[in-house]
Amino acid sequence: MGLYLPEGYLNWDYIVSKGLVWNIVIGGRGTGKTYGLLKKALVDGVFTMFMRHTQTQIDLVASPEFSPLKPINSDMGWTSPFYDYVTGAKNVYNLYPLEINEKGKTVPCGPPLGHATALSTIKNLRGFSGQEIKWLILDEFIPEEHEREIKNVGNALFNAYETINRNRELKGEEPLKVFLLANSNNLASEMLITMNLLRVITRMEEKHLSEHIDKKRSLGLWKLDDSPISEQKRDTALYRLAGQQYTNMALDNQFSHKYASDVASRNLYEYKPMSAIGELTIYRHKSKDILYVTTHRSGSPRIYDTTDFGIKAFRRDHAWLQVLELKHQIEYETELCHILFTKLAWK
């Protein structure tokens, strides 16, 4: 059983067969991420919670015109019943099998098969029982560069998981499974940082790996660099016109490496530790007006934690660093260090 189906789309049977709790798929456009997973859930009768970041996005998904279930119904020849989301409680939609009754109205003709809501609003649903939900699907978990990521998005996901999963494992039940789907829009995704996956992803890119399995964390990450569908799309109208940067993201699954500048390997003997925040330590050069940011820690730097208070204190005490950054007088051990530092220091 391989990662791709014979026709070139993502093979969700392969990924689900791994039995992991946290499943992250980052792939080019049109490779069968959302379509294939929702189709498998319907065919297998798996009750799902489908999520996007904002309520506006979910409202659009739940509309008949833009529903991700529309092409599935068409391709599978599902006309009666067919499947779609209908309005439920406030800010929540329910997935039902639907039919047209004798009065010409669309009505449910069976029990619900899922819900849809926004990650930003699920905190208001903490009193509900999600015992029937087996899969939590967060679509487009890496926002496009023109979109703003919701605040503390990683913790928002963990809170959503806790709300739905409850005490299943304490009762000897299977834990809720999570599927995070996205295009490779931005390596500096808050979600990837929170889940400590940037180092993994940069290693996968360097070694051209498509799969990473961490059994201890029950986590799998798939990066669809070699998608047959993406290769077929390369000679279509859009990609003959689009620039290389867009093609890199949409087809080649390459992140936007806008943090790759000022990356260098330096001998710490020439530097003195100054400050530290989270996993990062900032060193000052002994004779030059240059700083170096690395994950290696030595000496006795002033340490700030990554709580809201700690980050605010660090930013207050180091506001002057922005000037050095603009003048390219801060160097970084790796691109990962640059990403983390930018997020912690002034974003």
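A residue counts as buried when its relative accessible area is under 20%. That cut-off applies to Phe179, which is buried because its relative accessibility is 1%. The legends below describe a predicted model.

**Figure 1. Overview of the protein chain, with 13 helices and 15 strands.** The chain has 347 residues, and 51% of them count as buried. Its accessible surface comes to about 17,500 Å². Carbon and sulfur atoms account for 51% of that surface. Among contacts between residues at least 6 apart in sequence, 64% join residues at least 24 apart.

**Figure 2. Trp12 and Phe179 form an aromatic pair.** The count for the model is 11 aromatic pairs. In this one, the ring centres are 5.7 Å apart and the planes stand at 80°, so the pair is edge-to-face. The pair links distant parts of the chain, 167 residues apart. Trp12 belongs to helix α1 (residues 12-16), and Phe179 to strand β8 (residues 177-182). Trp12 has a relative accessible area of 3%, so Trp12 is buried. Phe179 is buried too, at 1%.

Figure 3. Tyr304 lies in strand β14 (residues 302-304). Phe314 lies in helix α11 (residues 308-317).

**Figure 4. Helix α11 crosses helix α13 (residues 335-346).** The two axes come within 7 Å and cross at roughly 90°. That angle falls between 65 and 115 degrees, so α11 and α13 are roughly perpendicular to each other. From α11, the contact is made by Ile311, Phe314 and Arg315. From α13, Phe341, Lys343, Leu344, Ala345 and Trp346 take part.

**Figure 5. Lys286 sits over the face of Tyr269.** The distance to the ring centre is 4.5 Å.

**Figure 6. Lys177 is a buried lysine in strand β8.** Its relative accessibility is 16%, so Lys177 counts as buried. Which residues does Lys177 contact, leaving aside its neighbours within four places in sequence? They are Gly19, Leu20, Val21, Lys134, Trp135 and Leu136.

**Figure 7. Helix α7 (residues 198-207) holds Val200.** Val200 has a relative accessible area of 18%, so this residue is buried. Val200 and His212 are 12 residues apart along the chain. Their C-alpha atoms are separated by 7.9 Å.

**Figure 8. A cis peptide bond joins Ser80 to Pro81.** Omega is near 5°. Pro81 is in the loop between α4 (70-76) and β3 (82-87).

**Figure 9. Asn91 has a positive phi.** The value is near 65°, in a residue other than glycine. Asn91 belongs to the loop between β3 and β4 (93-100). Is Asn91 buried, partly exposed or exposed? With a relative accessible area of 30%, Asn91 is partly exposed.

**Figure 10. His208 also has a positive phi without being glycine.** Here phi is near 55°. His208 is found in the loop between α7 and β9 (211-214). Its relative accessibility is 69%, so His208 counts as exposed.

Definitions and conventions. Residues numbered from 1 in each chain as written. Predicted model: local features only at pLDDT ≥ 70, side-chain atom pairs only at ≥ 80, totals over all residues. Heavy atoms only, no water. Helix = DSSP H or I, 4+ residues; strand = E, 2+ residues; numbered from the N terminus. Buried < 20%, exposed > 50% of the residue type's maximum accessible area, 1.4 Å probe, protein only. Contact = heavy atoms within 4.5 Å. Areas by Shrake-Rupley, 256 points an atom, 1.4 Å probe, with all protein chains shown as cover. Phe/Tyr/Trp six-rings, centres within 6.5 Å; stacked < 30°, edge-to-face > 60°. Lys NZ or Arg CZ within 6 Å of the ring centre and 35° of its normal. Axes fitted to C-alpha atoms, helices over the stretch in contact; angles between N-to-C directions. Parallel < 35°, antiparallel > 145°, perpendicular 65-115°, else oblique.
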